Amino acid sequence: MRPPARAALGLLLGLLLGLPREASPRPTPCRRCRELVDKFNQGMVDTAKKNFGGGNTAWEEKSLSKYESSEVRLLEIVEGLCGSSDFECNRLVEEHEEQLEAWWLRLKKKHPDLFEWFCVKTLKVCCPPGTYGPDCLACQGGSERPCSGNGRCSGDGSREGDGSCQCHPGYRGALCTDCMDGYFSALRNETHSVCTACHESCKLCTGPTSRDCTQCQAGWASEDGACVDVDECAAETPPCSEQQFCQNVGGSFQCEECDPTCAGCTGKGPGQCKECIAGYTKESGQCADVDECSLPEKPCLRKHENCYNTPGSYVCVCPEGFEETEDACVQAAQPAGEEVTAETPTPPPSREDL
């Protein structure tokens, strides 16, 4: 037996609401450690010109040791490392506070690079630049210039990844030394490979100009030894609709809408109309509104009726104080002492009212 529609809808909503939401990727241990070290280094910068803050700084530094390497300064730096809601950061500081204190008080001069000492050698959650994986192996192409300098090594600087190359745009190959389609080799030797973009008209090329193409891109054609743009707008069958005009661009074209007053056009604006839509006529080379109310043959035929011009048209309205009938505007009954005649001027209504 099929469940009722309402029950089926409730079941579907329950399933949808119960689906786990895609969580944002959790920071790796290496990234967490690096962020902590960056904040620690910033804390050192922020406290570089401070002192103990008492009334006799010279006595304090002589008696309590210099502020520059003091536990007071360390405490100020540590207190600024984590926000109150950053649980992971606070946990990391709490777990490794003793190591940070040891580095600050005893090891800083011997190991000035906190990241290398703390994240790489002590916690072993990161690798030196140019290496990857649990054993910090050299990336493809070597740790000095991973991926020939033309890509990023997967897992570079972390204990993760497989060391493979993810090439920058224009490069391909295991070591990112080969050029992709649309690029040519501007330099290639034992240590360096430089790929430069072809001219926009080339799909394949040997140099930077349109004459260096060995194959043209779509929308371009080979002519006199070079790739030249195909003017799609000049085709026998126009690529755009009747109420659009065609603009040629390099390797393609664009269809733009005609001016609203045009019935077909050759370009932008009311001056490029082939013909005008009803209610408009050509004046001084462009489509202008026809004032039907000023024509010799009046469009409003009922007695006492007023004519008001509108863009591309007109409206027929009875004056204020008159009521509409099929054949005429008839004066409505007025309160005693007031009189409105057909000759009484009536201000035109606003365009919003029309």
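Trainee: A disulfide is a pair of cysteine sulfur atoms within 2.5 Å; how many disulfides does the structure hold?

Mentor: The structure holds 19 disulfides. Please note that this is a predicted model, in which local features need pLDDT of at least 70 and side-chain atom pairs count only at pLDDT 80 or more, while totals for chains, interfaces and linings use all residues. Residues are numbered from 1 along each chain as its sequence is written, and side-chain values use heavy atoms, with hydrogens and water left out.

Trainee: Which residue does the disulfide join to Cys216?

Mentor: Cys216 is joined to Cys227, with an S to S distance of 1.9 Å. The angle about the S-S bond is -90°, and the link of Cys216 and Cys227 is left-handed. Strands here are DSSP runs of E with at least two residues, helices are runs of H or I with at least four, and both are numbered from the N terminus.

Trainee: And is Cys227 buried or exposed?

Mentor: Cys227 is buried, as its relative accessible area is 6%. Buried means under 20%, exposed over 50%, and partly exposed in between, using a 1.4 Å probe and protein chains only.

Trainee: What about Cys127 and Cys136: how far apart are their sulfur atoms?

Mentor: The sulfur atoms of Cys127 and Cys136 are 2.2 Å apart, and the two residues form a disulfide. Their link is left-handed, with -90° about the S-S bond. Cys127 has a relative accessible area of 1% and is buried; Cys136, at 19%, also counts as buried.

Trainee: One more of these, please. Which hand has the link of Cys258 and Cys265?

Mentor: The link of Cys258 and Cys265 is left-handed, with -80° about the S-S bond. The S to S distance is 2.0 Å, and both Cys258 and Cys265 are buried.

Trainee: Changing topic: how many aromatic pairs does the structure hold?

Mentor: There are 3 aromatic pairs. One of them is Phe40 with Trp104, an edge-to-face pair with 6.1 Å centre to centre and 65° between the planes. This pair links distant parts of the chain, since Phe40 sits in helix H2 (residues 29–46) and Trp104 in helix H6 (residues 97–107), 64 residues apart. Phe40 is buried at 1% relative accessible area, and Trp104 is buried at 2%. Trp117 and Phe118 form a stacked pair, 6.3 Å centre to centre with 20° between the planes, and both of these residues are buried.

Trainee: What is the rule for stacked and edge-to-face?

Mentor: Rings of Phe, Tyr and Trp (its six-membered ring) pair if their centres lie within 6.5 Å; planes under 30 degrees apart are stacked, over 60 edge-to-face, and the rest tilted.

Trainee: Which residues form one aromatic cluster?

Mentor: Phe40, Trp103 and Trp104 do.

Trainee: Finally, where is Glu232 placed?

Mentor: Glu232 is in the loop between S12 and strand S13 (244–249). Glu232 is buried yet has no salt bridge, and Lys203, the nearest side chain of opposite charge, is 16 Å away. A salt bridge requires a side-chain nitrogen of Lys or Arg within 4 Å of a carboxyl oxygen of Asp or Glu; Lys and Arg count as positive, Asp and Glu as negative, and His and the chain ends are not counted.

Trainee: Then which residues does Glu232 touch?

Mentor: Leaving aside residues up to four places away in sequence, Glu232 touches Gly219, Pro239, Asn248, Gly251, Ser252 and Phe253, where contact means heavy atoms within 4.5 Å.

Technical notes
Disulfide = S-S within 2.5 Å.
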